[in-house]
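This report covers the salt bridges of one protein model and ends with a surface patch.

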Amino acid sequence: MPTAKKKQQKKATAKARGLTVAVTGPTGDIGTSLLRALENEKGVDRVLGMARRPFDAAGAGLTKTEYRQGDVLDRESVDALVAEADVVVHLAFIILGGHEESRQINLEGSRNVFEAIAASKAKRAVYASSVAAYGFHDDNPELLTEDVPARGTDEHYYSQQKAEVELLLEEILGAAGKQVYVFRPCIVAGENALMMIENIPYVEMGDKMPAAVRRLFEVVPILKPVIPDNGTPFQLVHHDDVAAALTAAVIGKGNPGVYNLAGAGDLTMSDLADALGWYSVPIPDLAIDATAQIVSRLPFMPAEAQWVNVMRVPVLMDTTKAREQLGWTPQHDARETLERMIAGARGAELIR
């Protein structure tokens with residue numbers, strides 16, 4: 001029979017053992033920052049990552065991360081990932097894509113993950129939702145707090161799907177008695193998160209332009225791209241600051257629940273144009289409203305076009321709860337995050 005001393009030693013060892021954290025979608029903009037943050041978190045011993053693309057964790061200097069290729073649509077792969085975890089972070093989602101493809105990954109993939117967590121030993125779930133879950137509504141309050149319902153916007157299917165996933169999460173994990181943290185970041189940007197830049201039409205068309213035309217933009221100052229601006233403000237949050245908030249949830253800081261994430265300050269499209277060294281041109285709200293209405297009625301339009309809805313009304317969030325309950329202190333404000341994103345885009349030769 002074990003002695004009382006051995007029992008105490010065993011208990012102390014178990015208490016000292018760090019967390020095993022499973023992460024879906026660790027190769028995205030938020031995911032890679034999270035892996036780095038978990039690498040430096042003393043309370044985490046092991047990280048299990050899974051996504052569809054190849055990823056060399058050791059080559060990235062990550063000693064805690066064990067990576068495997070897999071798909072959240074494959075329930076067996078999800079079950080295997082979650083089986084050993086104390087905490088599961090769900091980041092696997094698609095922002096730009098066809099309606100059916102995004103619905104499969106965002107809804108059915110999430111269902112697989114949530115059901116696997118409910119049936120596992122994991123005690124805590126951390127989910128990255130989005131400001132888009134609130135929806136782009138004219139009757140939104142000036143500053144959105146976490147008490148505002150996540151209504152989504154039907155005309156913007158990513159927004160509508162994010163709201164649906166939150167309901168799914170509550171339905172499955174609420175009944176399972178798990179600790180659940182939900183984060184609603186605004187636009188995530190930074191030197192390693194370039195999606196906002198990548199989807200500016202001029203940048204998308206850049207590689208398709210003849211070389212002579214591209215050179216004209218570079219050498220003739222007056223020939224610069226133009227970004228329309230109706231004055232609607234937006235927020236940015238740096239990918240490392242999002243990772244810091246997720247890490248706080250992983251180790252159980254604060255209370256489970258919903259948290260808004262945004263850096264200090266807000267910007268307009270004119271600020272983006274100025275930072276790029278481009279032109280901006282003011283346009284009336286009426287033009288944005290009319291365009292959004294047209295886009296909402298054209299099922300053949302690409303997913304990117306639906307983002308015109310974002311500029312119809314401000315969607316600004318209050319982040320007091322994350323600061324007070326999680327001790328979250330973002331290290332980058334909106335303007336610095338913008339500058340870092342543009343520097344990253346220049347380094348990647350997306351823009352000149």
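## Salt bridges

Arg-340 and Glu-191 form a salt bridge, their closest N and O atoms being 3.2 Å apart (a side-chain nitrogen of Lys or Arg within 4 Å of a carboxyl oxygen of Asp or Glu). This pair links distant parts of the chain, 149 residues apart: Arg-340 is in helix α13 (residues 334–347), and Glu-191 is in the loop between β7 (187–189) and α6 (195–198). Helices (H or I, at least four residues) and strands (E, at least two) are DSSP runs, numbered from the N terminus.

This is a predicted model, in which local features need pLDDT of at least 70 and side-chain atom pairs count only at pLDDT 80 or more, while totals for chains, interfaces and linings use all residues. Residues are numbered from 1 along each chain as its sequence is written, and side-chain values use heavy atoms, with hydrogens and water left out.

By this rule the count comes to 13 salt bridges. Two further pairs are tabulated here.

| Pair | N to O distance |
|---|---|
| Glu-164 and Arg-103 | 2.9 Å |
| Arg-335 and Asp-271 | 3.4 Å |

Arg-335 lies in helix α13 and Asp-271 in helix α10 (residues 269–276), 64 residues apart. Asp-271 is buried at 18% relative accessibility, whereas Arg-335 is partly exposed at 41% (buried is under 20% relative accessible area, exposed over 50%, partly exposed in between; 1.4 Å probe, protein chains only). Salt bridges that share partners join Arg-75, Asp-79, Glu-108, Arg-111 and Glu-115 into one network.

## Surface

Tyr-279, in strand β11 (residues 279–282), is partly exposed, with a relative accessible area of 32%.
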